[in-house]
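Subject: Structure handover

Hello,

Here is the structure for you to look over.

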Amino acid sequence: MRKIFPYITKPILVLSLVSLFTDMSSEMLYPIMPVFLTSIGFSAALIGILEGFAEMIAGLSKGYFGQVSDVKQKRLPFVQAGYLLSAISKPMLAIFATPLWIFFTRAIDRLGKGLRTAPRDALLSAQTTSANKGSVFGFHRGMDTLGAVIGPALALLFLQIYPEAYKTLFIIAFIPGIIGVIFTLTLKEKKVAPLEKKVTFFSFLNHIKTADKQYRKLLYGLLVFALVNSSDVLLLLKLKENGMQDTLIITMYIFYNLVYAILSYPVGILADKLGIKNIFIFGLLLFVIVYTGFSLDPSNSVYWVLFAIYGFYAASTEGIAKAWISNITPKDQTGTAIGTYASLASVCAFIASATAGVLWTIFNAETAFAFTAILVSLTAIYMTSVPYKPHNEN
């Protein structure tokens, strides 16, 4: 075990298992949420508003709680509370089937994500050195994404046996979620004196002004990418438009996550050896290939290849971006730096999906995908100019 995963300490392994079980819980509900919401009277517009509202809560709170964890010099309480909120939100969906309650429950779930994300990533970063960040974040993303493979697969199996038993599935989803919370109780954190600094909800934005030039240049590039990187739901919608059955679409989604999960750790190792910046730019080029492929409206068999490449892209960018940020940031600012990026990226992602949806409606799907591919190509060129010099404290 130690030879295969030489940089994976106990805290890193535990946090990765927590993410696996939590994602298993959340993704177990992914295939059935639209169907369930429709069955209780939600329109497509209301579903869009619900998801946009929920993601905005998660996004904006990431920066705030990341900065608070820096000031308090504590990470673990935020991690534990965040995972607990997400776990208890699952069975809450089964209590009432009213729009107001659903909005409240989704807000609880996404607040949990906002509460834990930046402190958890800062905790991961503190467990290793700049030379191994790619491996550590890659391992964590791989385990997290493995949950996104297991969860939908279990949901599909359950619904094959018990069709339309949605509320029962919400209760079952609580089990892996609470297992993740229990794992967090095995972690310990050193006591460090808090910083004397006042924090307001949006004060994390001041970090953009006070951070060094390379962080700002990196942040701008990442946000431009987020601004055109629309939701994966649009990729699945394209498959639906081409006449694919729902079960095949979900199977393809599981396949993408499986490729992502398998490649995350090996790609993280490559990033440590070949350069985090190089691998990230390579990932952007893979993204361009996928979206260009979608814009050409290929045959259904080609979509399998494109989703495999898409999994490779995700493994080359998502965890790698956080490793890059944590490597160029002082340890006592990691939560704020990652949280600021995560918050602003969430807002940009909301705009990206809306923009892609408008282009799709006014023109067609192919135009939306081609537009995205062109802008990401330009982003990749910009990223080559971003400096990369690891901070000497990491």
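Confidence first. This is a predicted model. The mean pLDDT over the protein is 89, and 97% of the residues reach at least 70. Helix α2 (residues 33-39) has the lowest confidence, with a mean of 75. Helix α12 (residues 276-295) has the highest, at 97. Where pLDDT is low, the predicted coordinates should not be read in detail.

Next, the helix pair. Helix α10 (residues 233-241) and helix α11 (residues 246-274) have axes that come within 10 Å. The axes cross at roughly 145°, and the crossing is right-handed. From α10, the contact uses Leu236, Leu239 and Lys240. From α11, it uses Asp246, Ile249, Met252 and Tyr253. By class, that contact has 5 nonpolar residues, 2 charged and no polar.

Last, the second largest pocket. It holds about 500 Å³ of space. Its lining has 19 residues. Closest to the centre are Arg75, Leu123, Ala126, Glu189 and Lys190. Which helix gives the most to this lining? Helix α5 (residues 99-126) does, with 4 residues. The lining of the second largest pocket splits into 7 nonpolar, 5 polar and 7 charged residues.

Best wishes

Notes: Residues are numbered from 1 along each chain as its sequence is written. This is a predicted model: local features need pLDDT of at least 70, side-chain atom pairs count only at pLDDT 80 or more; totals for chains, interfaces and linings use all residues. Side-chain values use heavy atoms; hydrogens and water are left out. Axes are lines fitted to C-alpha atoms, for helices over the stretch in contact, and angles run from 0 to 180 degrees between N-to-C directions. Helices (H or I, at least four residues) and strands (E, at least two) are DSSP runs, numbered from the N terminus. A crossing is left-handed if the near helix is turned anticlockwise from the far one by less than a right angle, and right-handed if clockwise. Contact means heavy atoms within 4.5 Å. Ala, Val, Leu, Ile, Met, Phe, Trp, Tyr, Cys and Pro count as nonpolar, Asp, Glu, Lys and Arg as charged, and the others, Gly among them, as polar. On a 1 Å grid over the protein atoms alone, a cavity is a set of points where a 1.4 Å probe fits but cannot get out, and a pocket is an open set with protein on both sides within 12 Å along at least five of seven lines; lining residues have an atom within 4 Å of a point. Grid points are joined across faces, edges and corners, and a volume is the space filled by probe spheres set on the points. pLDDT is the predictor's confidence in each residue, from 0 to 100.
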